[in-house]
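User: I'd like to go through the charged pairs in this model, then a ligand site. Can you take me through them?

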Amino acid sequence: MSDRSHSICRVCHLMCPIIVERDGNRIEKIYGDKTNPVYFGYTCIKGRRQQDYLTSPERLKHSVGRTASGAFEPLSSSAVIEQSAERIRSITDQYGPKSVALYIGTQAAHNLITRNMALAWMEAIGSPMVFSSLTIDQPGKVIAPALHGIWLAGPYAPEEADVWLLVGTNPMVSMQGGLPINAAHGQKIRQREGRKLIVIDPRKTESAKAADVHLQALPGCDAEILAAMIRVIIAERLFDQDFVDQNASGFQTIERCVASFHLEDVARRAGLRAADIERAARMLAQGRTGGVSLGTGPNMSGQSNLSEYLGLCLMTLCGHWVRAGEKVRNPGVLVRRLDPIAQAFPPYPAWGFGEQLRVKGLGNSLAGLPTSALADEILLDGERKIRALISLGGNPFSGWPDQQKTHEALNALDLLISVDPIISTTGKYADYVVAPKIFLEVAGNTALQESYGVFGPGWGYQAPYAQACGPLVDPPHGSDLIEDWEFFYGTAQKLGLPLKLKSASILDQKQAARSALEVDMTVKPTTDRLWTAVLDGAPLPLSEIEQDAPGRLYDVDEQFVKPKTPECTDRLRLDDPTMLQELSGLVSGEWNMANPSPYLLITCRLPDIHNSSWHGVAALKRRHGFNPLFVNPEDAKELDVTDGDFVDVESDHASITAIVQVSEDLRRRVVALPPCWGAPPMGEQDPQTVGSSAAKLITVDKHFDPITGIPRMSGVPVRLRKLKTDAKKPSTKESTYAAG
Ligand SMILES: Nc1nc2c(c(=O)[nH]1)N[C@H]1C(S)=C(S)[C@@H](COP(=O)(O)OP(=O)(O)OC[C@H]3O[C@@H](n4cnc5c(=O)[nH]c(N)nc54)[C@H](O)[C@@H]3O)O[C@H]1N2
Ligand SMILES: Nc1nc2c(c(=O)[nH]1)N[C@H]1C(S)=C(S)[C@@H](COP(=O)(O)OP(=O)(O)OC[C@H]3O[C@@H](n4cnc5c(=O)[nH]c(N)nc54)[C@H](O)[C@@H]3O)O[C@H]1N2
Ligand code: SF4
Ligand SMILES: [Mo]
């Protein structure tokens, strides 16, 4: 008998509502909920086939530990906790707590109790050495608002805004912020209603194909293009004078600064037509309401903070912020939002507090400690050397830039614990791999996606939406798995440490610390108890969210944006000195032009892959198990290559072998390689089997951001050369499954 249940997909951050048909513990079918008022039935192939991941032979059914011979032996959950705690104790006893670092990867964030228990654990052992994928992703997203200030009433929603600008983000595939949650469906409606879309991207992406204006720029030119757009908007008096006069400061300084960004020069350097930049600028300013969302493209191509900052300046100059009297689309359900009032929250410190690292002058910032410096901190001898690393739901070997250095660092650790359902490429270096319950085996809710609202215009839910679910299926028969948080609870217990679990619903960190739950260290709490603590302070208590029911809109108190208080003098800042200095010194386009390497390698995402996951899940029936290098047809002709040919890709740092896929979507001289592929040097290296690693081509030692450390990971100069091989050409026909 088939049983039909509502649940939430936790394979990625999107948290799609799903309907799961089961026969006992066997999942028969998963599909989207067409009646859902926010997702409109959206799911992707990963979510619909997650049963294949849950039961895949790759997945660990128990934790493992390294024996003296170097092989892994199975360990019970209690043994892995016991042994890990002992090893940690001996390292902290000898070298102090700061010798232990935590790396929080993408999949740790999907479960907010996992993340907050791990943070509580680090606090308890007394180590501030917490790193995350944010500093190798889009760190400018948290730095820029601190420099510019925050508009307390928030941005408009893409659903309602007349015009939207996407810079180096492709929400139709990545499903990150920028378009409505169901991006393709939402964009169709936007188009029908006459709402405009502008995209800046070197590729003709799925999102760019739906755009009114596509600036197919060379990578690394975003800050200049945005500066040129600001110049047009100011020169043509298209900005919102009234809004700027009342709510912003530094107008004259930014006006002076962008004056040197002449359209013709910028267009030449970015490989665009001046008229197109001008058209984009006018379109953005002429909408009564609008928004700007940036993605990994600009954040990885050398100007993370500056591009995000200029995006916010464009928002402010155009007055694209919600005004007094307007209805708040999402007053918050599981996450408390800032009090909606039509005034600025002034700039606040973005760096210069917390831990200082020993390398490259880097230290803590709002984005956390720089992950790009973590390998160096492991390799560098001295009192403050990092000797133990816990990787939680992340994959350093595949994700961190500068793969050779990562390889050396992972080998140099005294202790590496990977909390991960598989022996990932990082797991291959680990002393312990702690195997967790995942996806439908654990309780979940939509708080994470809601919390993404802080990442800026177009992120998170634009309506009071929520869903919650309990565990739906048992872990595989005969397995011994724990929930991610139980590893931290168990080891803290062994180490005799108290844990203080903070709420993720309260954005004010001091307040969250004051109301943190002192976790009972004698009687193990239930997962439900921890969820209640992690969502403490939410506008609606978790208990009021229907369990195992369809996701829906909740009846939270209607809110309207309050007018600015008469005594408010706070302003959004258009002239942050660090940013304008970076802008003035910018010759980003110049290195493209002067670049002796004929090609620039960029990053992009594949629909049926998530970072380093899903590469080998047979059920997806991918026709190829690797990441192709996408090459423009004219460039392919010049290189004398076609689909399936092998090429040597050489940067100034290293070289890799990649497999060509010719694509009309690339502009000339730009090649794209999806990230997080490749395998450790001690194993199989065939790109047909393990893919090709972009991380290997990147160095963390040059061209890095002085605040967050993010190195240039997109727009990397490379040379390409056809490789002669007798091997049979692999098929590069794209996966039969598309998103949607
Ligand atoms: N060259 C280049 N490098 C890049 C990028 C790029 O574009 N170009 N992108 C960067 C970006 S944006 C990111 S976010 C990073 C990737 O950042 P990482 O987070 O370091 O890498 P992922 O591949 O996402 O790793 C997720 C891991 O979590 C595991 N996992 C899945 N579900 C669970 C779970 O429920 N619990 C636990 N404990 N583990 C789970 C998976 O098996 C996988 O090993 O890479 C960065 N690196
Ligand atoms: N299916 C799928 N979804 C994912 C992921 C995945 O691996 N697969 N990963 C998740 C993660 S961890 C993240 S961080 C998000 C990322 O989400 P996005 O940032 O939306 O990532 P992409 O879809 O790669 O879009 C980045 C775009 O930037 C363009 N680009 C590259 N360099 C430049 C540049 O210098 N300037 C400009 N303007 N554009 C440039 C690329 O062509 C690409 O289209 O996606 C998340 N969602
Ligand atoms: S986009 Fe795909 S993987 Fe992500 S939550 Fe939705 S169905 Fe799951
Ligand atoms: Mo990411």
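**Salt bridges and a ligand shell**

Analyst: Lys722 and Asp640 form a salt bridge, with their closest N and O atoms 3.5 Å apart (a side-chain nitrogen of Lys or Arg within 4 Å of a carboxyl oxygen of Asp or Glu). The pair links distant parts of the chain, 82 residues apart: Lys722 is in strand β32 (residues 716-722), Asp640 in the loop between α25 (633-639) and β29 (646-650). Helices (H or I, at least four residues) and strands (E, at least two) are DSSP runs, numbered from the N terminus. This is a predicted model: local features need pLDDT of at least 70 and side-chain atom pairs pLDDT 80 or more, while totals for chains, interfaces and linings use all residues. Residues are numbered from 1 along each chain as its sequence is written, and side-chain values use heavy atoms, without hydrogens and water.

User: How many salt bridges does the structure hold?

Analyst: The structure holds 37. One network of them links Asp635, Glu638, Arg668 and Arg669.

User: And Asp52, buried or exposed?

Analyst: Asp52 counts as buried because its relative accessibility is 18% (buried is under 20% relative accessible area, exposed over 50%, partly exposed in between; 1.4 Å probe, protein chains only). Its salt-bridge partner is Arg49, at 2.6 Å, N to O. Arg49 is partly exposed, at 31%.

User: Switching topic: which residues are around ligand 3?

Analyst: Cys9, Val11, Cys12, Leu14, Met15, Cys16, Tyr42, Thr43, Cys44 and Gly47, where near means a heavy atom within 4 Å.

Definitions and conventions: Chains are lettered from A and ligands numbered from 1 in the order in which they are written.
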